[in-house]
There are 4 protein chains.
Amino acid sequence: MMIGINDDEFIRGDVPMTKQEIRILTIAKAKIKPGDTVIDIGAGTGSLSIEAAKIARQVFAIEKNPDAVDLIEQNAEKFSVNNIIIINAEAPKSLSAIKNVDVVLIGGSGGFLKNILETIDKRLKAGGRIVINAITIQTLNDAVDYFKNHSNYKYDAIQVQINRLQQIGHYDMSKALNPIFIISAEKL
Amino acid sequence: MMIGINDDEFIRGDVPMTKQEIRILTIAKAKIKPGDTVIDIGAGTGSLSIEAAKIARQVFAIEKNPDAVDLIEQNAEKFSVNNIIIINAEAPKSLSAIKNVDVVLIGGSGGFLKNILETIDKRLKAGGRIVINAITIQTLNDAVDYFKNHSNYKYDAIQVQINRLQQIGHYDMSKALNPIFIISAEKL
Amino acid sequence: MMIGINDDEFIRGDVPMTKQEIRILTIAKAKIKPGDTVIDIGAGTGSLSIEAAKIARQVFAIEKNPDAVDLIEQNAEKFSVNNIIIINAEAPKSLSAIKNVDVVLIGGSGGFLKNILETIDKRLKAGGRIVINAITIQTLNDAVDYFKNHSNYKYDAIQVQINRLQQIGHYDMSKALNPIFIISAEKL
Amino acid sequence: MMIGINDDEFIRGDVPMTKQEIRILTIAKAKIKPGDTVIDIGAGTGSLSIEAAKIARQVFAIEKNPDAVDLIEQNAEKFSVNNIIIINAEAPKSLSAIKNVDVVLIGGSGGFLKNILETIDKRLKAGGRIVINAITIQTLNDAVDYFKNHSNYKYDAIQVQINRLQQIGHYDMSKALNPIFIISAEKL
C-alpha cells in the first residue's frame, strides 16, 4: 500500500495539482486492482496517474497542455514509474484507441464531460469504475445528471473539504483547501 | 436591520478583515440592542465595530496597531458612524476604564485571552454577552476552557465554513474561506 | 437589530426548519429594510417569515402544507408579529396577486423553481432581491443557471457549513449540520 | 491496493464506526508498509484494524468494550484477516508488552491520550508514525500540544469534512458527516 505521496514531492511548475487527500480518496474510490487498465483524463502534473500506476498494469494519461505533459514525464521518472503512456491530446478524441478499460479517472474535462462519458461507456468493462473530481457545480451537475439518466451505472457522490492546520509559532491556524466533489460510478 | 455591509465597501489596507458572513453571524450572536455599550477587542479595520455601532449606543474599538486605527477612523467616517471611541492600546490594559458593558466582541486577543476574559468579567453586566472569533485551535480551546470552568457563564460554540462560488465564464467554482470558530457566552 | 432567534424558541412540530445561522445569513443577504414587502416561499414553520416581519412592512408567507400553516400562525402569535399574511397554496400559483415586491425568500420550491422565478420577475421591483436556500445540487444548479441566463440580475452564491460543538461532559464534540447553499440575486 | 471497504460491508452493532473516507485517509497518512507492526487503539468495530491488516504484518487491536471485541472478531473472520491480535483492555495499560512498533492508530483514547502517547513513545521505532482521529476539540488540542512539546516528533493535522449526496428521487441532497481531525506524527 503505497498511495499517499506528499504534495511537495511532485514536480509541479504552474500546473494545478490535485491535493494529497483528494488523490488518496480518488484512488481508493476507484478500487484499482493489479492488472487494471486505467485512463487518467486531464492528468495535469500526473500525480493521480503515478499513484494509479503503482497499482495498475497500465495507465493512459491524457493531457492537452504540452507543459503539463513534460511534468508528467518528469514525475514518472522521479517516482520510477514506467507503465504510464502519455497522450498529448484532448479528450474524448484520443480515447477511441484504448479498449477494455477497468477504471477512468476524470480530473479535467474541458467542458466536454458528456461526450467523454459517452465515449468511455463504449470502452469500459462491465464492473468498471469512473471517478470524477469536480471543482465547479456545473461539472458536478453534469456528472450526476449523466449517471441518473443511464441505468447501467450506479453512482455515489461526496463533497470533501479539507482544512490544514498551519503551524505558526505556538498556534495552529485552520487553512481551507477548496472543496472538491468526488463522483464515483460503477458500470453494471 | 442594516447589518451585512459587503467586504469591498470597507477601506482595508493590509489589515486582515473579518469576512461578511462571519461579521453577520457575530453581530447576531451578540444580540446587540439599542442602548448597549459594546467593546470590540482587536478591532482591525473596524468592520465589526461599525456594524455594532449602527445598533448600539456606544462602541469602544480597542486596537494596538496604529495603521489599523487609521483604517477604523476612515471607515467610521465613510459609514457616517459617530459613536465609536477608538482606543489605540493592547487589551486587557485599556479595558479598566470602561464600565457596565453589555457586549464584548473579541476578534484578536494577542495571546492574552485568559487575562482579557478575567478583566472583562468584572466589567460585564449580568445578562451581558461575549462573542469570540477564533482562527486557531489554541484560542478556541482557551475560550471553551475558560467558560467550562466559570459556572457564571453558559456558552455555545460553532465552526463556520463558507465557500464562495466564484463565477468564471460558464462555471461557478467553489472557493473556500478559512473556517472560523465563533464562541458565544452569556453571563448569568 | 433583532434577528437571531434561537431554534428552540420556535414551535416546530415535524416540519423541517431553517437553522438559526442560515436564517441570520439569509435575512442579512436579503437586505430587508423597513417599509419592504417580502414574500417567503415555502415558509415551513415561519421562522424566516417572523425574522423578516420584524423588519419589513409586510410579509406574505406561502406554504402548501396545512400543518405548517398552523405552525406559522402559532409562531406569529408567540413572537407577537402581526404583519404576516399566510397563503395556504403552492407557488407560483398564489403569487400573481402580490405586487411591488422588494424581497423574495425561497426556502422550498417543490420542483417549480424556474416557474417561480419567472413569475417573481414580473412582480419584483428594480433593485429588489431574491435569496434562495438550496439543500440539493439540482436547486442550486437551477438557481445559478437562471441568473446566469438573465442579464437583468447579478447574483452571488455561497455554501454554508455549520458545525455545532456539543458539550458532553469535559468534551466538546463537533456535530455537523447539513450544508446549505444561499444564492442571492439583485434585480438591476 | 485494497483499502476502501464500504461502510455497510462491516458488521456493526451499536458500536460507532470510523466512516470509509476517514478510514482511507487514516490508513494512507499512516503509510503502513508490508512487514509493519501496527497498534490500533480504541479499535471499535475493527474497521481500521482490518484495513491495516491487509497491508501490515501484524495488527494489535486494543478495545475495552467486550461487545466491540466480538464485532472485531466477526469482521476479521468476514474479511478473512488472520493477523489481528485482539486485546480486550484499556490503553495505555495493555501496551507495554508490544515492542518495535511501526505505526499506532488512535481512534479512541478514553481521556488518557497523554499517557498513551508517553507509553507509545517508548515502543515506537524511529521513523514510526502515529495517526490520531479526534472528534472533540480537547483531543485535538491534547494531541497537538503533545507533539508541539516533543521535538522528537514532527506532525501535521487536518480537519476532514465529508458531505454525502443522498439520492432522493430526482434530487441529490447534501448530508453532512461529523468532521474529524486527523493528526499525523512521525518520530524522528
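Which residue in β5(B) is the bridge partner of Ile106(B)? The partner turns out to be Ile132(B), and the rest of this passage puts that pair in its setting. This is a predicted model, where local features need pLDDT of at least 70, side-chain atom pairs count only at pLDDT 80 or more, and totals for chains, interfaces and linings use all residues. Residues are numbered from 1 along each chain as its sequence is written, while chains are lettered from A and ligands numbered from 1 in the order in which they are written.

Chain A gives the overall picture. Chain A has five helices and eight strands (helices are DSSP runs of H or I with at least four residues, strands are runs of E with at least two, and both are numbered from the N terminus). Read from the N terminus on, the elements go α-β-α-β-α-β-β-α-β-α-β-β-β. Among contacts in chain A between residues at least 6 apart in sequence, 66% join residues at least 24 apart (a contact needs C-beta atoms, placed from the backbone, within 7 Å).

Back to chain B and its strands. Strand β4(B), residues 101-106, is mostly covered, with six of its six residues buried. On one side of the pairing list is β1(B), residues 37-41, which runs parallel to β4(B) and is joined to it by four bridges (two strands pair if DSSP finds at least two bridges between them). In that pairing, Ile39(B) stands opposite Val104(B). β4(B) also pairs with β5(B), residues 124-134, in the parallel sense over five bridges. Helix α4(B), residues 113-123, makes a right-handed β-α-β unit with β4(B) and β5(B); right-handed says that, with the strands pointing away from the viewer, the path from the first strand over the helix to the second runs clockwise. A right-handed β-α-β unit is also made by β2(B), helix α3(B) (residues 66-78) and β3(B). There, β2(B) (residues 58-62) and β3(B) (residues 84-87) run parallel and are joined by four bridges, with Ala61(B) opposite Ile86(B).

Next come the places where chains meet. The contact between chains A and D takes 23 residues from each of them. On the chain A side, α1 (20-30), β6 (153-168) and β7 (171-176) each give two or more residues, and β6(A) gives the most, with nine. By class, that side has 13 nonpolar, five polar and five charged residues (Ala, Val, Leu, Ile, Met, Phe, Trp, Tyr, Cys and Pro count as nonpolar, Asp, Glu, Lys and Arg as charged, and the others, Gly among them, as polar). Strands β6(A) and β6(D) pair in the antiparallel sense over seven bridges, and Gln159(A) stands opposite Asn163(D). A rotation of 180° with 0.0 Å of shift along its axis superposes chain A on chain D, with an RMSD of 0.0 Å (least squares on the C-alpha atoms of residues with pLDDT of at least 70 in both copies). The two copies are thus related as by a two-fold rotation axis. Since 100% of the interface residues of chain A are also interface residues in chain D, the copies meet through the same surface.

Chain D also touches chain C, and this contact takes 17 residues from each chain. On the chain D side, α5 (137-148), β6 (153-168) and β7 (171-176) each supply at least two residues. β7(D) gives the most, with six residues.

Helix α1(D), residues 20-30, is largely enclosed by the rest of the structure, because eleven of its eleven residues are buried. In chain C, Gly169(C) is found in the loop between β6 and β7, and with 10 C-beta neighbours inside 10 Å it counts as exposed.

Technical notes
Two residues are in contact if their C-beta atoms, placed from the backbone, lie within 7 Å. A residue is buried if 20 or more other C-beta atoms lie within 10 Å of its own, exposed if 12 or fewer, and partly exposed in between; C-beta atoms are placed from the backbone.
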